[in-house]
Amino acid sequence: MGFEGYKFKHKLVVLQKLRDAQDPAASHAKNFEMVLYISPIQQKFFRFDQMESITNLTLAPYRAKNLSEVPPFDETEPTLENIGNVFYQLLKEEFAKKKANLERFELSETPLMTVIVNDTNVDRKLMVGAKKIKLANLVLGNVISQSSADIVSDIEEEEQTVIDVVFAPEPIEEAEAPKPKAKVVIPKECLVIPEREASWRSLFIAAFCVVAIGAILALYLKNTGAYPSGSDTFGHLFKSDLLYHSILKGDFYPLYTEFWYNGVQPFRYWAPFPYYFLAILQLVSGGDAVNSYYLFMFVSFVIGGFGWLLWGKAYNRIPFCTFLAIAWFFLPDNIRVFFSEGNLPRMVIAMLLPYILYFVWDFVEHRKKSAIFFVSGLMLIAILCHVMISAMIGITTFLFLLFYSISQKRVKESIFVIVVMLLTFALAGFWLYPALQGGLIGMDPSATADVMEALSTPVLISLDPFLRSKGGFELFYFGLSIFGISLVGLFLANKKSLPGFYTVLLVFAGTTTAMVTFLQKIPLNQLLWMTRFTPIVYSVFLLSLLEWRKCKRYAVILIALVLIVDCLPSVDIQRYHSQTPYSTAESFSMAKGITEQRLSLLDVSILGSYPSFVIASEEPKTQYSFGWAWQGATTAHNIVMVNTALERGYYHYLFDRSLELGDDTIMIYKELVTKAKKTLKDVVEAADTLGYTLYKETNYTYVFHRDVPKNFGVIGECTAISIGKSANLITVMYPSFEEGRSDSLTDYTFKDLSRYKVIFLSGFTYKDRALAEDLLINLSKAGVKVIVDMNRIPVDPLTSRMKFLDVTAQSISFSQRYPELVYQDQLYNAIPFKKEYSTWNTVYLENVDQVMGYSWFKNKKLPFLGYSNNENLIFMGYNFLFHAMETGDESITELISNLLEIQPNQLPKREIVPLTIEYGKDRIFIESPGGRVNTTIAFHDNFRSEQKIDSKNNLLIVEEPYTEIEIVYPFLFQGIVLSGFGLLGIAFVVFIIYRKRGARIEEKTD
């Protein structure tokens, strides 16, 4: 590999005498000439006067001295080889302190006698030229001397790359060290990089430019009046505003708020650091949450930009890094995340990325040990911003360092970095462990697959630079310029740039739809939401540009111009904004004015996060059954089911479950009624059955209200229960069904289930098949009607068949529609299947004792209903329920209703009872009339009470006239223990890094 750096010559005069000489004055002067080959580590410019100063100070103890009297030559023979070895080690150490590497050292006494030293390896050998020579041979053997021309010729034979050397001017030979103020005149042609040295003045100017542009942008946003923008923004502002007001009251970590989702733990599942950051900005901005957004935009622009100025100072490339500092905010996906998604925690991490990568590179490439502390500290902050994105940072860093280790043959430091990053997750255990126990990253595999597919993008979109001109600002655009430059860099860039470009292209490939099927098969695929990796690889891409040392100035300018042209369309900030949320503000104000206990907005998130802020943060603050970011809600499933009923037009369920949630005011987005092919009359009829009346119709919503006490609970029981993962569909069609607390049939007792008239089983499990079968037989004999959906039963592990209570489900497929259905001597003609289900895969029954319903298909009688053992234990095939839900087939609905002996508009009995509820700091006080009362408050696992409390349908049940609930920090001990393990692990790694006294991580030459 060729050398790029400086060639510096120096002369030294010493005294020397032979050890066996008797005359003390028998000393003679020796003139040594040395040549130092020096390469800067971080900067590209190293002054010659600085080289001379370091050399003079290091060798001062030997100048004009008798070497035989100066350690270590008082014990070691001062041969040319030994002197060269000692001087090399001393100089290398001093230059390393100034972030420079002494690549090679030549020491000559005469033109024909030269020793060349590169490095000393672990087995105590010297690298002389490209040859390994044992140190013992140098110290004890005869003089090994050869002409420098011979050695250099050996080097040139083994290394064919051109050695670019910068020659220093010949220093003046002096017997004494030069004066400290002496300067060396450096000709322009002696500079390796024709850029000026980074000075504090240029750095200040660059910082001023970044601050000025950030301020202009923030003022522009504020003056337009169209911002904040982004679908998530107001949801994050609600949490920061909540934290801000809690801190003012002396509560520095609020464990609970009653304003979202019937009560929620605001910072258990949402990482807290961004909200503390925003709360501080809100304090600075005068207590206004919206103003804190403008200040946040300014600060994120400046802090993120300053990260790249840090690189500029280290690399002496202030102008280019000033460009990167400004461009960082406007890179296509960064600006999309800010203004389209409005994901403020991700933007906080975007601020940190230049710093995280800087210290990772400082440790791995430049061997600066202290950088490992910054890596761990910054990763801890990132984890406390967004744990999933932090995991993605770790994955990207692993990929980047994997390519780097293969390319540079450096593994140890890369391993240290990855291990410390992993241990930092344990260090964050005080917050992370409780969050994971609540299911922070838990997701059903099918849901994970859906998300991965939704977050992938076809190449023709993600690399289409004209996408934004067509209005596709919310779509993912990776950046054609970034992809193209990375591709070119694979062939033209420096060796140290290649790992970054490889990482960029690999991650880009992962963002494409073609890779989804492959990624879904990889372990921990719930972390592989590949488009979210994009800002991380942007930082790796910019690092690769900085390490592209051979890139000529004109090429750097061309790269900058290409990036500017590609980013310009994204800077059209007004295109990200939607006026819809603000146009609904008056409607929310009216609805809040009539709400006694809790307000519900049923819009399936069409209006974004704005309602979450305006309802719960602006006065009068009103409790809200919804919110933004459902992951933190205990009642998330309740909300999903209510939204399902809304979209499919099942309004009886909608109003009944809204009452169960304690909502006395309900706003329904009007378009959703039309999409469900229903009318206002359908909604009003269902509302009347639950005591709700249409209060007002606005431009966007229907507002329903029911007169209730200021605080109220609900008493009532359902007469039927559904058990199993897919059984909840029946509750939407038939609200008199309640959902079981567990999918496992053996988690229930006979006493639990015998009080219901009907039990519907679909997608259930069991721990003991015989126990489950006995339970159902006993229930059916006791008069409870049990219906088993044979489309969703566990597979027999012995026969691999769907079999239960000796009844077998046999597979069958229908095309377009069911055949004629016969049940109770009545003929039912179903409507065709939905287009996407035109081939209907289902089951029919075998081995039933009595056939209750059947079809003739291809001259074969296929039973779809029948009972076994007794007439209350009924088995059902054909997947009727799903078809009825998808199509609204009235014929099939009638068949199911006749089977259940329950009608779709039949409701459970509900009784409203007044309650007194007070919220204190980490306390809830409830007074009730006694009995088993649903408080309509979401139940949480960190509730503690001396009174009896319970959970049903995710809501808090009290049974005593007075209940006091303490809200505790969940899993505190376990979290602290995990953090302790993380701290010890990091300390152990740091000990290994620093374990050798005086050890220094130094750059090796190839």
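Residues are classed as buried under 20% relative accessible area, exposed over 50%, and partly exposed in between (1.4 Å probe, protein chains only). The model is predicted: local features need pLDDT of at least 70, side-chain atom pairs count only at pLDDT 80 or more, and totals for chains, interfaces and linings use all residues. Residues are numbered from 1 along each chain as its sequence is written, and side-chain values use heavy atoms, with hydrogens and water left out.

No disulfide (a pair of cysteine sulfur atoms within 2.5 Å) is found in a search of the whole structure.

The protein chain holds 35 helices and 32 strands. These are DSSP runs, numbered from the N terminus: helices are H or I with at least four residues, strands E with at least two. Of the 1006 residues in the chain, 56% are buried.

A nonpolar core is a set of buried Ala, Val, Leu, Ile, Met, Phe, Trp, Tyr and Cys residues joined through side-chain atoms within 4.5 Å. The largest has 225 residues, and Phe 339 and Phe 655 touch the most other members. Helix α11 (residues 344–364) contributes the most to this core, with 17 residues. A separate core of 31 residues includes Leu 12, Phe 45, Phe 48 and Leu 59. Beyond its neighbours within four places in sequence, Phe 339 contacts Leu 221, Tyr 227, Ser 229, Gly 230, Tyr 293, Met 297, Phe 329, Ile 573 and Tyr 576.

Leu 900 lies in helix α34 (residues 890–900). This leucine is buried, at 3% relative accessible area. Outside the four places on either side in sequence, Leu 900 contacts Ile 730, Tyr 734, Phe 737, Val 758 and Ile 787. Leu 900 and Tyr 734 are 166 residues apart along the chain, and their C-alpha atoms are separated by 9.8 Å.

The chain exposes about 44,200 Å², of which carbon and sulfur atoms supply 57%. Accessible areas come from the Shrake-Rupley method with a 1.4 Å probe; for residues, only the protein chains shown count as cover. Val 571 sits in the loop between α22 (553–567) and α23 (580–583). Val 571 is partly exposed, at 31% relative accessible area.

Definitions and conventions:
Contact = heavy atoms within 4.5 Å.
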